[in-house]
Amino acid sequence: MSDADATSEPTADGDAAGDTLVEVVRAVGHEHVSADHASTFELTTDDWLTPAGDCIVGVEADRTPRDFAPAFREACRDPNATIEATLVVEAGESEFSETITGRGDPDLTLLDDRSMVGRTSDYTDDERTILVDGDGAAADLDRDLVAALANGADLTLRLRVTPDA
């Protein structure tokens, strides 16, 4: 992945709210993607997945939280920051997109070098957590999107953090 894929882009209206920071992660689905977990979703750099990994929606991720820009990680530590995780799945002629929105937390370290987890809870005691208090998890994802991932479709995760004004 090139440095150009990790970007900082200004807020849509260019106001004093500060910068919106973006990180992009590419992964693929796997035959064992079930997306049944009710409180988390996860991407991993592992190239395998067992049926027990019911929160994992993508394998072979090309980046981890440790690779994220320091400014992005710092912005995620703002408890009032909004963090959007948009999953885009390309499956042949079809494209599916879904966004889970959560918030930042001062205890987010974003230093894991293997996987990343979005959570509906406020649990932060783990270097993998990328957002807390999310409005959805793996089980909430569109079932057509999940079926495409189970068929090995390409997945792009776009993480966007907007710090509090």
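## Close-up views

**View A. Both D126 and R119 are buried.** Buried means under 20% relative accessible area; exposed means over 50%, and partly exposed lies in between (1.4 Å probe, protein chains only). The model is predicted, so local features need pLDDT of at least 70 and side-chain atom pairs count only at pLDDT 80 or more, while totals for chains, interfaces and linings use all residues. Residues are numbered from 1 along each chain as its sequence is written, and side-chain values use heavy atoms, with hydrogens and water left out. D126 sits in the loop between strand 7 and strand 8. Its relative accessibility is 17%, which is why D126 counts as buried. D126 and R119 are joined by a salt bridge between their side chains, 3.1 Å from N to O. A salt bridge is a side-chain nitrogen of Lys or Arg within 4 Å of a carboxyl oxygen of Asp or Glu. Once neighbours within four places in sequence are set aside, D126 is in contact with T109 and R119. Contact means heavy atoms within 4.5 Å.

**View B. D126 also forms a salt bridge with R128.** The closest N and O atoms of this pair are 3.1 Å apart. Salt bridges with shared partners connect E42, R119, D126 and R128 in one network. Across the whole structure, a search finds ten salt bridges.

**View C. R128 and E42 meet in a salt bridge through their side chains.** The N to O distance is 3.4 Å. This pair links distant parts of the chain, 86 residues apart. R128 lies in the loop between strand 7 (115-119) and strand 8 (129-131), and E42 lies in strand 3 (residues 40-44). R128 counts as partly exposed because its relative accessibility is 24%. E42 counts as buried because its value is 9%.

**View D. Four strands form an open sheet in the order 4-3-7-8.** The pairing is mixed. Strands pair if DSSP finds at least two bridges between them. Strand 4 and strand 8 stand at the edges with a single partner strand each, so one side of each has no neighbour in the sheet. On average, neighbouring strands of this sheet are turned by 35° against each other, direction ignored. The axes behind such angles are lines fitted to C-alpha atoms, for helices over the stretch in contact; angles run from 0 to 180 degrees between N-to-C directions. Strand 3 and strand 4 run parallel and are joined by two bridges. E42 has I56 of strand 4 as its bridge partner.

**View E. Strand 5 and strand 6 form a hairpin.** Two residues lie between the strands. G92, in the turn, has a positive phi of about 65°. The pairing of strand 5 with strand 6 is antiparallel and spans ten bridges. T82 has R103 of strand 6 as its bridge partner. Strand 5 also pairs with strand 9, in the antiparallel sense, over nine bridges.

**View F. Helix 2 (residues 143-150) has L145, V146, A148 and L149 buried.** Seen down the helix axis, the buried residues fall within an arc of 160°, so they line one face of helix 2. The arc is that of the directions from the helix axis to the C-beta atoms. An α-helix has 3.6 residues a turn, so residues three or four places apart point the same way. The cover over the buried residues of helix 2 includes strand 4 (56-58), strand 5 (82-91), strand 6 (94-103) and strand 9 (154-162).

**View G. The two ends of helix 2.** At the start of helix 2, a side-chain oxygen of D142 comes within 2.9 Å of the backbone nitrogen of D144. G152 follows helix 2 and has a positive phi, near 90°.

**View H. The whole protein has two helices and nine strands.** Helices (H or I, at least four residues) and strands (E, at least two) are DSSP runs, numbered from the N terminus. From the N terminus on, the order is β-β-β-β-α-β-β-β-β-α-β. Of the 165 residues, 45% are buried. Among contacts with a separation of 6 or more, 65% are between residues 24 or more positions apart.

Key: Polar contact = N/O pair within 3.5 Å; in protein donor to acceptor, adjacent residues only side chain to side chain.
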